[in-house]
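Work through the exercises below with the sequence and the coordinates open. Each task sentence is followed by a solution in steps.

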Amino acid sequence: MSVRLVDLRDEGHYLRLANGQMSTLLERGVFMPAGVFAAERLVYFPDDREHDFADLPAGVEANDHNSIRVTSVGVARACGYAAVALRHAIRLGRESHRAWVTDGDRGLFPMLDDVIAFLRDCGGFEQR
């Protein structure tokens with residue numbers, strides 16, 4: 001199985017990720033600027049029961065499949081910055097033989113350049 005992140009400005013521009021790669025991106029917080037977090041195979045969106053924020057950040061929606069849809073270029077770029085930080089952390093963690101670098105991180109690492117380029121250049125995106 002795989003997940004596609006599709007550019008809302010150009011549906012021919014998309015990024016295909018394996019489910020495990022997408023799970024690692026979620027678990028490592030790359031999509032937290034969009035208000036999305038994952039742990040233990042569960043994906044969490046803020047909802048109206050939260051007292052601090054009553055809804056998703058501006059430019060973020062849950063689509064029909066309850067997956068991420070980012071209509072704001074700024075939020076997409078913020079996710080890209082988070083991916084840059086993750087790439088740097090994994091690189092240094094591998095070089096230093098840190099225990100926190102998992103097999104999921106190692107499997108995602110070769111794709112992070114593509115993830116960063118997609119998030120930097122897209123006009124918003126939807127997970128499909």
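**Exercise 1. Which residue forms a salt bridge with R87, and how far apart are the closest N and O atoms?**

Step 1. Apply the criterion: a salt bridge is a side-chain nitrogen of Lys or Arg within 4 Å of a carboxyl oxygen of Asp or Glu. The partner of R87 is D113, with the closest N and O atoms 2.6 Å apart.

Step 2. D113 lies in helix α4 (residues 112-121) and R87 in helix α2, so the pair, 26 residues apart, links distant parts of the chain; helices here are DSSP runs of H or I with at least four residues, strands are runs of E with at least two, and both are numbered from the N terminus.

Step 3. Classify the exposure. Buried means under 20% relative accessible area, exposed over 50%, and partly exposed in between (1.4 Å probe, protein chains only). D113 is partly exposed because its relative accessibility is 47%, and R87 is partly exposed because its relative accessible area is 21%.

Residues are numbered from 1 along each chain as its sequence is written, and side-chain values use heavy atoms, with hydrogens and water left out. The model is predicted: local features need pLDDT of at least 70 and side-chain atom pairs count only at pLDDT 80 or more, while totals for chains, interfaces and linings use all residues.

**Exercise 2. Where in the chain do R69 and E126 lie?**

Step 1. R69 and E126 form a salt bridge whose closest N and O atoms are 3.4 Å apart.

Step 2. R69 belongs to strand β6 (residues 68-70) and E126 to strand β7 (residues 125-127); they are 57 residues apart, and the pair links distant parts of the chain.

Step 3. E126 counts as buried because its relative accessibility is 10%, whereas R69, at a relative accessible area of 23%, is partly exposed.

**Exercise 3. Which helix holds both R106 and D103?**

Step 1. Both residues are in helix α3, three residues apart, which is about one turn of the helix.

Step 2. R106 and D103 form a salt bridge, with 2.9 Å between the closest N and O atoms.

Step 3. D103 is exposed at a relative accessible area of 64%, and R106 is partly exposed at 40% relative accessibility.

Step 4. Salt bridges that share partners also join E11, R69, E126 and R128 into one network. The structure holds seven salt bridges.

**Exercise 4. Is H97 buried or exposed?**

Step 1. Locate H97 in the loop between α2 (73-95) and α3 (103-108).

Step 2. H97 is exposed because its relative accessible area is 71%.

Step 3. Check the backbone: H97 has a positive phi of about 55°, although it is not a glycine. Most residues other than glycine have a negative phi.

**Exercise 5. How many helices and strands does the protein have?**

Step 1. There are four helices and seven strands.

Step 2. Read along the sequence, the pattern is β-β-α-β-β-β-β-α-α-α-β.

Step 3. Of the 128 residues, 38% count as buried.
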